[in-house]
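Trainee: Hi! I've just opened this one and could use a guide. Can we walk through it together?
Mentor: Happy to, let's have a look.

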Amino acid sequence: FRRMAGKVKWVTDIEKSVLINNFEKRGWIQVAENEDWNFYWMSVQTIRNVFSVETGYRLSDDQIVNHFPNHYELTRKDLMVKNIKRYRKELEKEGSPLAEKDENGKYIYLDFVPVTFMLPADYNLFVEEFRKNPSSTWIMKPCGKAQGKGIFLINKLSQIKKWSRDSKTSSFVSQSSKEAYVISLYINNPLLIGGKKFDLRLYVLVSTYRPLRCYMYKLGFCRFCTVKYTPSTSELDNMFVHLTNVAIQKHGDDYNHIHGGKWTVSNLRLYLESTRGKEVTNKLFDEIHWIIVQSLKAVAPVMNNDKHCFECYGYDIIIDDKLKPWLIEVNASPSLTSSTANDRILKYNLINDTLNIAVPNGEIPDCKWNKSPPKEVLGNYEVLYDEEMAQSDGAERELRGRPGQPTALKGSRARDSGKPVLTTWK
């Protein structure tokens, strides 16, 4: 967005009349306005055009956009997993205690993404893994789609033979040579509430990747399925049992248009505290925060940290019945449409608080500022991780034990006194 005589001038210098007439076509969504400003969200397609070498666009210091140029390193399902795997190996090579493994070769602290393979590239590896546990269920997703489109579950190799070019060989070819898939081990023991599966949609704002500075939004929500969960193989095709996406659930016969099948995160906390205890609940949310920070650290080295950019991600987390959280995917354009009255309030506040951090006090944007807003403008955001602050304190505050366990910085008085200390990984 850019201030130009009290209006917005599009970054491509197209006349205002053309902009208005082609608004939706060009991928802009108006999200807020005041006396001097109109604010617009750019779509991921528009971002590609703005930062494309061929177009030759150049953003001025008073222009800020709501995506990083190569955000897909985190928000494409295949690239997210690839970057997390690379991050693990790098930490392992460095001898970091974070990359520690158990006796079975599993990461103790970095095992937060289900076993995942890329198709067609990793088809042979997938088959090898599948045959180790033939009774397992897997979920297959197109890498570049959202809202549950193209997703299906399998529990037999024959169910994906239709994508195979030659069933007599081990080669695998998708229907479209342009479209890649990921196939992940299905979390078949999800935590159920009222017998129904749910996941969490959490919002995370990143203002800069180097140094990494991110904020957690306190007003996330849970999305529930409309049909009670069953691991029965006869229900593998019933997406109302398995997929929590509102875009799918809203078409179910049991969908409730008043509450939209949603709980606030604060309600989930209250439920877990009353059924599992406060300490266990705090540990769970600490692990969720840990997952988010580690996923951002995994992509930080490869992210194009353009000074004009910020981004609000939609994190999807599933909790299993052992209260272990799993990162499912990260969305570059989390839905800002509202399906209920509460939804509308939440997302209005989300947009407002995001803009207050991106452009403090509603002033003219300046991409050169240090992107560390005062605490009073954070609204419902709270600082999740500030790499610069951690370094200025004299140490990178990495968690040395399992997330949720008491830890202390080296040489701290609290540790010497033997008293338990809150986690200091932030």
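Trainee: Which residue in β12 is the bridge partner of D199?
Mentor: That's R223, sitting in β12 as the bridge partner of D199. Keep in mind that this is a predicted model.

Trainee: Okay. How many bridges pair β10 with β12, and in which sense?
Mentor: Four bridges, in the antiparallel sense, with β10 covering residues 196–209.

Trainee: And which strand does β12 pair with over three bridges?
Mentor: Strand β13, residues 262–264, again with antiparallel pairing. There, F221 stands opposite T264 of β13.

Trainee: Which way do the side chains of β12 point?
Mentor: F221 and R223 point one way, C222 and F224 the other, and all of them are buried. In general, side chains in a regular strand alternate between the two faces of the sheet.

Trainee: How many salt bridges does the structure hold?
Mentor: There are 13 salt bridges. One of them joins D386 and R213, whose closest N and O atoms are 3.2 Å apart. D386 belongs to strand β16 (residues 381–386) and R213 to strand β11 (residues 212–217), so the pair ties together parts that are 173 residues apart in sequence.

Trainee: Nice. Are those two buried or exposed?
Mentor: Buried: D386 has a relative accessible area of 8%, and R213 has 2%.

Trainee: What does R213 do with E388?
Mentor: Their side chains meet in a salt bridge, at 2.9 Å from N to O. This pair links distant parts of the chain, since E388 is in helix α11 (residues 387–392), 175 residues from R213 in strand β11. E388 itself is partly exposed, with a relative accessible area of 43%.

Trainee: New topic: where do D343 and K347 lie?
Mentor: Both are in helix α10, which spans residues 341–358, and they are four residues apart, about one turn of the helix. D343 and K347 form a salt bridge too, the closest N and O atoms being 3.4 Å apart.

Trainee: Is that pair buried or exposed?
Mentor: D343 is buried, with a relative accessible area of 4%, and K347 counts as buried at 5%. The cut-off for buried is under 20% relative accessible area.

How values were computed. Residues numbered from 1 in each chain as written. Predicted model: local features only at pLDDT ≥ 70, side-chain atom pairs only at ≥ 80, totals over all residues. Heavy atoms only, no water. Salt bridge = Lys/Arg side-chain N within 4 Å of Asp/Glu carboxyl O. Helix = DSSP H or I, 4+ residues; strand = E, 2+ residues; numbered from the N terminus. Buried < 20%, exposed > 50% of the residue type's maximum accessible area, 1.4 Å probe, protein only. Pairing = 2+ DSSP bridges.
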